[in-house]
Amino acid sequence: MNAIITVVGSDKVGIIANISAYLAEHSINILDITQTILSGNFVMMMMVTLDDANVTVEALREDLAKKGTEMGVEINIMNERVFSAMHRV
């Protein structure tokens, strides 16, 4: 299963490193990533594969939300199919 992870919040050092390290610890591969700074706000989208993940989607969602709170950003994860359907014109 592929998923989309979004991260939005104030820019600061270590956001990508912290999230990437967490994903690596749980055997979640990053397939694609884009990030930018918009008016001082950090915005990142990652497509990841959960095929080899050693954590459930529910635990992943909770862990990422907690990490986001610790870093002062909002982190969400959504199935790629749901994300694509929501953003179809």
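Biologist: What makes α1 roughly antiparallel to α2?

Modeller: In this predicted model, the two helices pack at an angle of about 155°, and their axes are 11 Å apart. Axes are lines fitted to C-alpha atoms, for helices over the stretch in contact, and angles run from 0 to 180 degrees between N-to-C directions. Angles under 35 degrees count as roughly parallel, over 145 as roughly antiparallel, 65 to 115 as roughly perpendicular and the rest as oblique. The angle of about 155° therefore makes α1 roughly antiparallel to α2.

Biologist: Which hand does the crossing of α1 and α2 have?

Modeller: The crossing is right-handed. That term applies if the near helix is turned clockwise from the far one by less than a right angle, and left-handed if anticlockwise.

Biologist: Which residues make the contact?

Modeller: From α1 come Ile15, Asn18, Ile19, Tyr22 and Leu23, and from α2 Ala59, Leu60, Asp63, Leu64, Lys67 and Met71. Contact means heavy atoms within 4.5 Å.

Biologist: How many helices and strands does the chain have?

Modeller: There are three helices and four strands, following the pattern β-α-β-β-α-β-α along the sequence. Both kinds of element are DSSP runs numbered from the N terminus: helices are H or I with at least four residues, strands E with at least two.

Biologist: In what order do the four strands form the sheet?

Modeller: The open sheet has the order β2-β3-β1-β4, with antiparallel pairing. β2 (29-38) and β4 (73-79) each have a single partner strand, so they stand at the edges, with one side of each left without a neighbour in the sheet. Neighbouring strands are turned by 15° against each other on average, direction ignored.

Biologist: How many bridges join β2 to β3?

Modeller: Nine bridges join β2 to β3 (residues 41-49). Two strands pair if DSSP finds at least two bridges between them, so β2 and β3, with nine bridges, pair by this rule. Leu38 stands opposite Asn41, and Asn29 opposite Thr49.

Biologist: Where do the helices meet the sheet?

Modeller: Helix α1 (residues 15-25) packs on the sheet and touches β1 (2-10), β2, β3 and β4, with its direction at about 20° to that of β3. Helix α2 (residues 57-71) lies across β1 and β4, running at about 160° to β4.

Biologist: Which residues of α1 are buried?

Modeller: Ile15, Ile19, Tyr22 and Leu23 are buried. Buried means under 20% relative accessible area, exposed over 50%, and partly exposed in between (1.4 Å probe, protein chains only). Seen down the axis of α1, these residues fall within an arc of 100°, so they line one face of the helix. The arc is that of the directions from the helix axis to the C-beta atoms. The buried residues pack against β1, β2, β3, α2 and β4. The face turned away from the buried side carries the exposed residues Ala17, Ala24 and Glu25. Of the 89 residues of the chain, 30% count as buried.

Biologist: Why does Ser39 count as exposed?

Modeller: Ser39 has a relative accessibility of 78%, so by the cut-off already given it is exposed. Ser39 is found in the loop between β2 and β3, in a hairpin that has two residues between the strands. Its phi is positive, about 50°, although Ser39 is not a glycine.

Biologist: Why is Ser27 called partly exposed?

Modeller: The relative accessible area of Ser27 is 36%, so Ser27 is partly exposed. Ser27 lies in the loop between α1 and β2, and its phi is near 55°, a positive value in a residue other than glycine.

Biologist: What does Val55 touch?

Modeller: Val55, in the loop between β3 and α2, touches Tyr22, His26, Ile28 and Leu60, not counting residues up to four places away in sequence.

Methods. Residues numbered from 1 in each chain as written. Predicted model: local features only at pLDDT ≥ 70, side-chain atom pairs only at ≥ 80, totals over all residues. Heavy atoms only, no water.
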